[in-house]
Amino acid sequence: MVGIVVVSHSRKAAEGIRDVATEMGGDARVEAVGGTGDGRIGTSPEPISRAIADAADGNGVVVLVDLGSAVMNAEIAIEEAELEEEVVLADAPVMEGALNAAVAAGAPDATVDSVRMAAEDAQRVKKFG
Amino acid sequence: MDGATQAEAVREAIRACTERIEEERSYLTDLDSAIGDADHGANMTRGFTAAADRIDGLESEEPAELVKAVGMALLSEVGGASGPLYGGSIVAASGELEEGITAETTVAFAEAYLEKLQERGKASVGDKTMVDALVPAVHTYKKSIEVDGRDPLEALGKAVDAAERGVAFTVPIRASRGRASYLGWRSVGHQDPGATSTLILLETLLSVATDHLDGEVEVDAEAEGKPAEEGDDEGDAGAVEVED
């Protein structure tokens, strides 16, 4: 199954987003990572790399991020992960994108691209009408 | 300067940058409180303290290796956007110093640093970021050496002046990258913290380079009967590499 990683400045936010996403996409493998190594608000590349490795089962990984350093540190983590399988960043609102991705990852013919595109569809989410 | 002397200059530059960042911690935090998330002073202090510790534990006499270790420490320890920006760019550019520290290698380092910074941060001049201080500094350093034929110490002085003007330029403009961009027009009138820390590091490198080169030039001039240009380059560069 395509793995999903949720990266936020806050570990609690990342875990909360994972919980909401897996409530819909129950079977999806979603790793939550956030905050710095010493528990502050922020991000750091090593924990993101570990989360990517944990989410990877040979079918690729889609990474969702919140903002700023999360984007840049996720890029660095992907560059340094050196996995055989494909790891991509989705350009999407992290909460809605994670939910879309978790649902898409459960489809029988899911691929890294289909999951990434589902996540990026969240850019168009309208909450009223 | 031989490898060991260059390495010592690099170590001294890192220690000096760490001390200066610590001194400026609340100033950077105040700037970042106005238009950001108020963590720049703490993050930079944490990063540079980790960098200084790593350098102390590293027995290398290779400037490139020491500089790379600084970048790796910043990458892991900063936590905010300055981690990937400063750290990632230093790591990416450190390879330019493998042949040692000279006018040429420091220009190459500065250019590689700037290229990586812009690739990662996707900011341009005028976005109210560290790029506003760095672009004029790097261009001035390169031009001063390659076109105007200045020695590296003079070139670094010009680069610091250019960075200072870049920092002033961030005050009246509206942020369009980074945290401050969330404030829109309310970011106008505030000085950018990242541009400021860039200037602070460049000033520190200039001061370390000046200390090194003043002594060195005299000694070499006496020994060889002419101004010691090579010594100049190296000491200066020792600073420059870490600068970024």
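How many salt bridges does the rule find across the interface of chain A and chain B?

1. The model is a predicted one. In it, the rule finds 4 salt bridges across the interface of chain A and chain B. One pair that meets in a salt bridge is B:Arg46 with A:Asp38, where the N to O distance between the side chains is 3.7 Å. The cut-off for such a pair is 4 Å, so this pair at 3.7 Å counts.

2. Polar contacts also cross the interface of chain A and chain B: 8 residue pairs are found, with both residues at pLDDT 80 or more. On the side of chain A that touches chain B, α2 (45-55) and α3 (69-81) of chain A each supply at least two residues. The largest share of that side, 6 residues, comes from α3(A). By residue class, the side of chain A that touches chain B divides into 4 nonpolar, 7 polar and 5 charged residues.

3. As for the extent of the contact, chain A contributes 16 residues and chain B contributes 17 residues. About 1200 Å² is buried between chain A and chain B, and carbon and sulfur atoms give 48% of this area. In chain A, the residues that lose the most area to chain B are A:Arg40, A:Leu67 and A:Met72, which together make up 39% of what that side buries.

4. Turning to the fold of chain A, an open sheet is formed by 4 strands in the order β2-β1-β3-β4, with parallel pairing. At its edges are β2 (30-34) and β4 (87-90) of chain A, each of which pairs on one side only. On average, neighbouring strands of this sheet are turned by 25 degrees against each other, direction ignored.

5. Within the sheet, β3 (residues 61-65) of chain A pairs with β4(A) in the parallel sense over 4 bridges. A:Val63 stands opposite A:Leu89 in β4(A).

6. Helix α5 (residues 112-121) of chain A lies across β1, β3 and β4 of chain A and runs at about 15 degrees to β4(A).

7. Over all chains, the count by this rule comes to 21 salt bridges. Among them is the pair of A:Arg116 and A:Glu120, whose closest N and O atoms are 3.1 Å apart. Why are A:Arg116 and A:Glu120 separated by about one helical turn? The reason is that they lie 4 residues apart in helix α5 of chain A. In chain B, the side chains of B:Arg15 and B:Glu8 meet in a salt bridge at 2.9 Å, N to O.

Methods
Residues are numbered from 1 along each chain as its sequence is written. Chains are lettered from A and ligands numbered from 1 in the order in which they are written. This is a predicted model: local features need pLDDT of at least 70, side-chain atom pairs count only at pLDDT 80 or more; totals for chains, interfaces and linings use all residues. Side-chain values use heavy atoms; hydrogens and water are left out. Contact means heavy atoms within 4.5 Å. Buried area is the accessible area (1.4 Å probe) that two parts lose on being put together, summed over both. A polar contact is a pair of N or O atoms within 3.5 Å; within protein, one must be able to donate a hydrogen and the other to accept it, and residues adjacent in sequence count only if both atoms are side-chain atoms. Ala, Val, Leu, Ile, Met, Phe, Trp, Tyr, Cys and Pro count as nonpolar, Asp, Glu, Lys and Arg as charged, and the others, Gly among them, as polar. Two strands pair if DSSP finds at least two bridges between them. Axes are lines fitted to C-alpha atoms, for helices over the stretch in contact, and angles run from 0 to 180 degrees between N-to-C directions.
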